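Work through the following exercises with the sequence and the model side by side, and try each task before reading its solution.

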Amino acid sequence: SSTPQEQAYCDSAASAQPFLFCLADRKHERARRELAAALAGARRAALAQRREIARFRRDHGSVTLEGDPLRSLERSQAAWERSFRADCLLVGLSVATGGNGTAGVTTNRACEADRILDRARFLE
């Protein structure tokens, strides 16, 4: 959902976009910032986890769950990005009728923002 500040900006003369386009773009930008912060935190945690796995292996022998948490995070993130873009494009295309498809563009952008915010919460 959009914040009161985003709504106020989009309702003001400072916004050069139609209201719904502006809200979708603002929400998308906010979501990307939150995702970047959450991803950075997840990377730091994965590095710490990798060190802890190495320490545990050194002190106690093997571990039951093998792998590099950082590499797994990167693969997971890349797969998630492909998935959410495809899902949101489908949602946008499903409503892209009339008005040169503008409803589809707005719906796609809003869908992406929602999915990105969900991912940021997951990574946190």
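A residue is called buried under 20% relative accessible area, exposed over 50%, and partly exposed in between, with a 1.4 Å probe and protein chains only. The model is predicted, so local features need pLDDT of at least 70 and side-chain atom pairs pLDDT 80 or more, whereas totals for chains, interfaces and linings use all residues. Residues are numbered from 1 along each chain as its sequence is written, and side-chain values use heavy atoms, leaving out hydrogens and water.

**Exercise 1.** Describe the overall form of the protein.

Solution. Begin with burial: buried residues make up 31% of the 124 residues. Finally, the C-alpha atoms fill a box of roughly 65 × 30 × 15 Å along the principal axes.

**Exercise 2.** Determine how α2 and α3 are oriented to each other.

Solution. First, the axes, which are lines fitted to C-alpha atoms over the stretch in contact, come within 8 Å and cross at roughly 150°. That makes α2 roughly antiparallel to α3, a term for angles over 145 degrees on a scale from 0 to 180 between N-to-C directions.

**Exercise 3.** Identify what covers the buried residues of α4.

Solution. The buried residues of α4 (residues 102-123) include C111, I116 and L117. Among the elements in contact (heavy atoms within 4.5 Å) that cover these buried residues are α2 (19-60) and α3 (69-95).

Note on methods: Helices (H or I, at least four residues) and strands (E, at least two) are DSSP runs, numbered from the N terminus. The expected span of a helix is 1.5 Å times one less than its number of residues. Angles under 35 degrees count as roughly parallel, over 145 as roughly antiparallel, 65 to 115 as roughly perpendicular and the rest as oblique. The radius of gyration is taken over C-alpha atoms; the globule rule is 2.2 Å times the number of residues to the power 0.38.
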